[in-house]
Amino acid sequence: MMGGNDQQAYDRGTSLFSPDGRIYQVEYAREAVSRGAPSVGVRTTDGVVFVAMSRPSSSLMEAESIEKLHKLDDHLGTASAGHVADARQLIDLARRQSQGNRLRYGEPVGVETLTKFVTDHIQENTQRGGTRPYGAALLIGGIDDGEPRLFAADPSGTPNEWKATVIGGGRQDIQGHLEDEWRDDLSLEDGIELAVAALAAHDDDFEPSDLAVATVTEADGFRTVPVDEIETAFEAAGLGGDDEDDEGTEADAESDADAGDADEEDADGSDE
C-alpha cells in the first residue's frame with residue numbers, strides 16, 4: 001500500500017524524479033504530443049519545408065481556423081503538434097523574443113538562439129512547483145547566415161537539430177520514411193514531396209486540402225504554399241492517381257456487370 005502511495009506522489013509532482021530517474025508528468029506531456037496531428041520538417045539545399053496535417057475534425061469546422069504553421073519572423077517559421085493552446089503560448093513567446101532581438105541589436109535572431117530561448121522556458125516548467133509541462137512540441141526552422149537550419153523542441157525542453165523530423169502522431173512510420181529517403185541534395189520541391197510522402201507512409205487517406213505547407217528561404221522568407229502547388233507535390237509523390245484509376249476500373253466493371261444483367265434479362269424475355 002505504501003508503495004502505491006509513493007508512486008502516486010511521484011506521478012503528481014512536476015518537479016520530482018521517480019526512483020528510476022523518470023519525470024512522469026513530462027512523459028505524459030510527450031504522450032499528449034503523440035496524440036496530435038503530425039507535422040513534418042525537412043531541411044533542403046534552398047531552405048526549410050514545413051508540412052502539417054490540418055484536416056478539420058468536422059465538416060462544419062472552417063479549415064482556415066486550424067493553425068499548425070506560424071511565421072515567427074521574416075526568416076523564421078514554426079510547426080506545432082499537441083495541445084493547441086500550449087503551442088500558441090510558446091509561439092507568442094518566440095515572436096516576442098524575435099522582435100525584441102531586432103529592436104535591441106538591430107539584426108535577426110539566430111535559429112539556434114531562439115530555439116534555446118524557447119526550450120529554456122519549457123524546461124523551467126519541469127522543475128518548478130505549481131506548473132505543469134507544456135503539452136506541445138515545436139519545429140523551428142529558418143535561415144542562419146544563408147544556411148537553412150531545423151530544430152525540434154519537445155516538452156522536456158531539449159533542443160535538437162535535425163535534417164528532417166516529425167512531431168505528433170505516427171512518428172515511427174513517418175520518421176522511418178524520412179530516414180530512408182532524405183538526401184543532401186534535396187531541392188525545395190523535393191522536400192515538399194518527401195514530407196507529403198512521409199505523411200502518407202503513416203496514413204494515406206487524405207487530400208491536398210488537408211495539408212498546410214510553408215517554406216522558409218533566403219530569397220522569399222516565410223511563405224505559405226498555395227493549394228495548387230500542394231496538389232502538384234501530391235501527384236509527384238505518387239498519391240491520388242491510383243485512387244482515380246481504381247474508381248475508373250470499378251466503374252467499368254459495374255458497367256460490364258450491368259450490361260451482362262441486361263443481356264440476361266433480354267434472354268429471359270425471349271425465352272418467355
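A nonpolar core is a set of buried Ala, Val, Leu, Ile, Met, Phe, Trp, Tyr and Cys residues joined through side-chain atoms within 4.5 Å, where buried means under 20% relative accessible area, exposed means over 50%, and partly exposed lies in between (1.4 Å probe, protein chains only). This is a predicted model, in which local features need pLDDT of at least 70 and side-chain atom pairs count only at pLDDT 80 or more, while totals for chains, interfaces and linings use all residues. Residues are numbered from 1 along each chain as its sequence is written, and side-chain values use heavy atoms, with hydrogens and water left out.

**Nonpolar core**

- The largest nonpolar core has 27 residues, and those with the most contacts inside it are V40, V42, V51, L178, V196, F206 and L211.
- Two or more residues of this core come from each of β1 (39–43), β2 (47–53), β8 (164–167), α5 (171–181), α6 (188–202), β9 (211–217) and α7 (227–236), these helices (H or I, at least four residues) and strands (E, at least two) being DSSP runs numbered from the N terminus.
- Helix α6 gives the most to this core, with 8 residues.

**Salt bridges**

- Across the whole structure, a search finds 17 salt bridges, each defined as a side-chain nitrogen of Lys or Arg within 4 Å of a carboxyl oxygen of Asp or Glu.
- R30 pairs with D154 in a salt bridge whose closest N and O atoms are 3.1 Å apart, and this pair links distant parts of the chain, with R30 in helix α2 (residues 24–34) and D154 in the loop between β6 and β7 (159–161), 124 residues apart.
- R43 and E161 also form a salt bridge (3.9 Å, N to O), which joins strand β1 to strand β7 across a separation of 118 residues.
- K116 and E112 form a salt bridge with their closest N and O atoms 3.1 Å apart, and both lie in helix α4 (residues 111–124), 4 residues apart, about one turn of the helix.
- A network of salt bridges links R43, E112, K116, D144, R149 and E161.

**Surface charge**

- E107, D145, E147 and E218 gather in a patch of negative charge on the surface, a patch being made of residues with over 30% relative accessible area and no salt bridge, with like charges joined within 9 Å.
- D145 sits in the loop between β5 (136–144) and β6 (147–153), and D145 counts as exposed because its relative accessibility is 80%.

Methods: Patch = residues over 30% accessible without salt bridge, like charges linked within 9 Å, V, L, I, M, F, W, Y side chains within 5 Å. Areas by Shrake-Rupley, 256 points an atom, 1.4 Å probe, with all protein chains shown as cover. Lys, Arg positive; Asp, Glu negative; His and termini not counted. Charge placed at Lys NZ, Arg CZ, Asp CG, Glu CD.
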